[in-house]
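Please look at the two chains together before turning to either one alone. The paragraphs below are meant to be read with the model in view.

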Amino acid sequence: MLISVYRYDPDKDITPYMQDFDLEIPGGRDLMVLDVLELLKEQDPTVSYRRSCREGVCGSDGVNMNGKNGLACITPLSEVVKSDKLSIRPLPGLPVVRDLVVDMEQFYDQYKKIKPYLINDEPPPTQERLQSPEDREKLDGLYECILCACCTTACPSFWWNPDKFVGPAGLLQAYRFLIDSRDTATEERLAGLEDPFSVFRCRGIMNCVSVCPKGLNPTRAIGHIRNMLLKRAV
Amino acid sequence: MVTQVTSFTRNGVSDWLVQRITAVVVAIYSVVLVAYLLFQPAVTYQQWSDLFSQTWMQVFTLMTLLATCAHAWIGMWTVGTDYLRVHTVGESANALRFIFQLGCMLVFVVYLIWGIKILWGNG
């Protein structure tokens, strides 16, 4: 199989380039893209990428495979390979550190902006802040995000305004705390999102939904935030 | 860095709301005009002139003209702040964006004044 990999070493390359590898894929089972990267690394140990848990939990190995973002460790070749060819590129829109490794700082800056922690100004109870099963259920489909950045880096609005548009991952988390019955900072959180960029740069193209490896729906969460902002404003 | 001082209302919620409401106004106006032309396929100058000499039509048209300008300003501002950025067009992005916004503003003001002149002019 022809594997084309994005290569860039800032110490010796002036511009990035695609390097082709002809790889013998062992038969008998459907390999994951991460397995292919591991095989490539045996051929060329300088190929760089991030990986850790290799089971879709840590979110380290988000890459762009034949044009679509996803986690290399849980994406089978049968799902992405077209005409016996696989192109692997880094997540788009973020600065490349080396090969498939990107600098996630802009992504984390946006995540920090939404204050991803519970804020509660009431005196702490002796044991824990309780939540009814119904209120807990509201967090389903939100808390599962692993911050792999596949959605945010698939979003053109984030490509154009990475310094001001929070992006789908950050907004999914923003809604996760806005809807949490134990959080009392709803007003403060909404006030931080009402500018023309943070939320309203979302044009609803749903790239985020189509690439999320956990099957989450950031567009729906963004819609809920928009409704909360509208209710607060009119 | 792009700031929001040139956005229509400087607030995302009201910009969003204004864009939706103006879209509805423009859509209703379009439906009314298309319906009129469908029911009057061979419209004469006199009929057309009579239609636009009625106060309700003049108010409706001016409202649509204002709605179009507001709608277009929000849309073009968004386009400018998306695509005319330092990492897409280079260091001159800020100057280019400012010229682009001034150009858009000029076009909208001309259309508005011209529209008012046509509506309430003496022919």
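What follows goes from chain B to the interface and then to a residue inside chain A.

This is a predicted model, in which local features need pLDDT of at least 70 and side-chain atom pairs count only at pLDDT 80 or more, while totals for chains, interfaces and linings use all residues. Residues are numbered from 1 along each chain as its sequence is written, chains are lettered from A in the order in which they are written, and side-chain values use heavy atoms, with hydrogens and water left out.

Chain B comes to 5 helices and 0 strands, where helices (H or I, at least four residues) and strands (E, at least two) are DSSP runs numbered from the N terminus. The C-alpha atoms of chain B fill a box of roughly 55 × 30 × 25 Å along the principal axes. The radius of gyration of chain B is 18 Å, whereas a compact globule of 123 residues would have one near 14 Å; the radius is taken over C-alpha atoms, and the globule rule is 2.2 Å times the number of residues to the power 0.38. Of the 123 residues of chain B, 32% count as buried, that is, under 20% relative accessible area with a 1.4 Å probe, protein chains only.

Where the chains meet, 18 residues of chain A are in contact with 20 residues of chain B, contact meaning heavy atoms within 4.5 Å. The two chains bury about 1600 Å² between them, 61% of it on carbon and sulfur atoms; buried area is the accessible area (1.4 Å probe) that two parts lose on being put together, summed over both. In chain A, Trp160(A), Pro196(A) and Arg201(A) lose the most area to chain B, together 36% of what that side buries.

Arg201(A) also forms a salt bridge with Asp82(B), the closest N and O atoms being 2.9 Å apart, and the rule finds 2 salt bridges across this interface. Such a bridge is a side-chain nitrogen of Lys or Arg within 4 Å of a carboxyl oxygen of Asp or Glu.

Within chain A, Gln173(A) lies in helix H6 (residues 167-178). Gln173(A) counts as buried because its relative accessibility is 6%. Not counting residues up to four places away in sequence, Gln173(A) touches Tyr111(A), Ile114(A), Leu142(A) and Cys145(A).

Methods. Buried means under 20% relative accessible area, exposed over 50%, partly exposed in between (1.4 Å probe, protein chains only).
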